Amino acid sequence: MGSSAGLLFLSALFVLYYCVIKVIYRKYRAGLAFGWCGRAWGSRERQAGLGARGAGDSERLAVLLLIAHPDDECMFFCPTLLTLLRLHCCVSVLCLSSGNYYGQGEVRKKELLASCGTLGVPETQVTVIDHRDLPDSPAVQWDMQLLSTLVLKHIQDNHIQLVVTFDQGGVSSHANHIALYKSVRNMHTGGKLKPGCRILMLETVNIFRKYISILDLPISWFRSHDGIHVLTSQEYKRAKNAMWCHRSQLLWFRHLYLFFSRYMFVNTFHLL
Ligand SMILES: [Zn+2]
């Protein structure tokens, strides 16, 4: 009797959890999850929906996705990238290394372009910086001054209004990811960014939450954040196709990652 009551309780809990996921997913799959929008911009931009369909580049919100390696855009930022594109933002990608840790830099650059193309970012909007002092390596601390100079120049030259990058945990604690966070934080606190240019940092979650896929959605939703982006099922297929473009990186565990990582389904953010 005791075990069947326990089983019934667990089943009810599971059904309840499933319903919560469904409700949150239905609410946010349409890309309305822009809690940060109200704080980052005024009502004019909110009414405009960030970028109107068919508007010229100068009228659309200029967003920069700042990453350290080819495949970061896929592994961590797909929900955000596809949401911003769905909202007709003018998205560009700046990758600070060619991902040459195993000597595959040239191949990985091409893979990044193909992946971005699959996601909807044209080649002309993708820049890869291949500087010998910014190597792809978790053991090397990137030169902050050099990094900040390169990133700031790109932001200024392209009139960027929103920078999307890692937070202090770098999702995977990779030193190169964390260097990007430190760089934008220094620019922000040093007052080097134009007024109105905002920084959105991808939240690093613990290892348990990282690998429970869409089951993390209610936890993401109930915890404090400035923004949450959720992929639709069609967008998830596109994200998977983009991941296939990184053929040199498609080891067996990447296949598991596609299914189990919550970053393939949901991104939560904090504004700097
Ligand atoms: Zn990376």
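## A strand with two partners

Strands β4 and β5 run parallel and are joined by five bridges. Two strands count as paired here if DSSP finds at least two bridges between them. Within this pairing, V163 has I199 of β5 as its bridge partner. Strand β5 (residues 198–202) is also joined to strand β7 (residues 266–271), this time by three bridges and in antiparallel fashion. There, L200 is partnered with L271 in β7, and M201 stands opposite H270 in β7.

How many residues of β5 are buried? Five of the five are, so the strand is largely enclosed by the rest of the structure. A residue is called buried if 20 or more other C-beta atoms lie within 10 Å of its own, exposed if 12 or fewer do, and partly exposed in between, with C-beta atoms placed from the backbone.

## About the model

This is a predicted model, in which local features need pLDDT of at least 70 and side-chain atom pairs count only at pLDDT 80 or more, while totals for chains, interfaces and linings use all residues. Residues are numbered from 1 along each chain as its sequence is written.

The protein chain has 13 helices and seven strands. These elements are DSSP runs numbered from the N terminus: helices are H or I with at least four residues, and strands are E with at least two. Of the 272 residues in the protein chain, 42% are buried.

Seven strands form an open sheet with mixed pairing, in the order β3-β2-β1-β4-β5-β7-β6. At the edges stand β3 (126–128) and β6 (227–230), each with a single partner strand, so one side of each is left without a neighbour in the sheet. From one strand to the next, the twist averages 25°.

Helix α5 (residues 78–86) packs on this sheet, where it touches β1 (62–67), β2 (90–95), β4 (162–166), β6 and β7. The direction of α5 makes about 90° with that of β6. For angles like this one, axes are lines fitted to C-alpha atoms, for helices over the stretch in contact, and the angles run from 0 to 180 degrees between N-to-C directions.

## An enclosed helix and the core

Seven of the nine residues of α5 are buried, so this helix is largely enclosed by the rest of the structure. The buried ones are C78, P79, T80, L81, L82, T83 and L84. Just after α5, H88 takes a positive phi of about 65°.

C78 also belongs to the largest nonpolar core, which has 65 residues. Such a core is a set of buried Ala, Val, Leu, Ile, Met, Phe, Trp, Tyr and Cys residues joined through C-beta atoms within 7 Å. Residues with the most contacts inside this core are V63, L64, L65, L66, C78, V163 and V164. Leaving aside neighbours within four places in sequence, C78 is in contact with L231, A239, A242 and M264; a contact means that two C-beta atoms, placed from the backbone, lie within 7 Å.

## Helices that meet

Helix α6 (residues 105–119) and helix α12 (residues 233–244) pack at about 165°, with axes 8 Å apart. That angle makes α6 roughly antiparallel to α12, a label given to angles over 145 degrees, while those under 35 count as roughly parallel, 65 to 115 as roughly perpendicular and the rest as oblique. S115, T118 and L119 of α6 make the contact with R238, N241 and A242 of α12.

Helix α7 (residues 144–157) and helix α9 (residues 175–189) cross at roughly 70°, and their axes come within 9 Å. This makes α7 roughly perpendicular to α9.

I24 sits in helix α1 (residues 2–28) and counts as buried, with 20 C-beta neighbours inside 10 Å. Which residues does I24 contact, leaving aside its neighbours within four places in sequence? They are L217, P218 and W221. I24 and W221 are 197 residues apart in sequence, but 7.7 Å apart in space, C-alpha to C-alpha.
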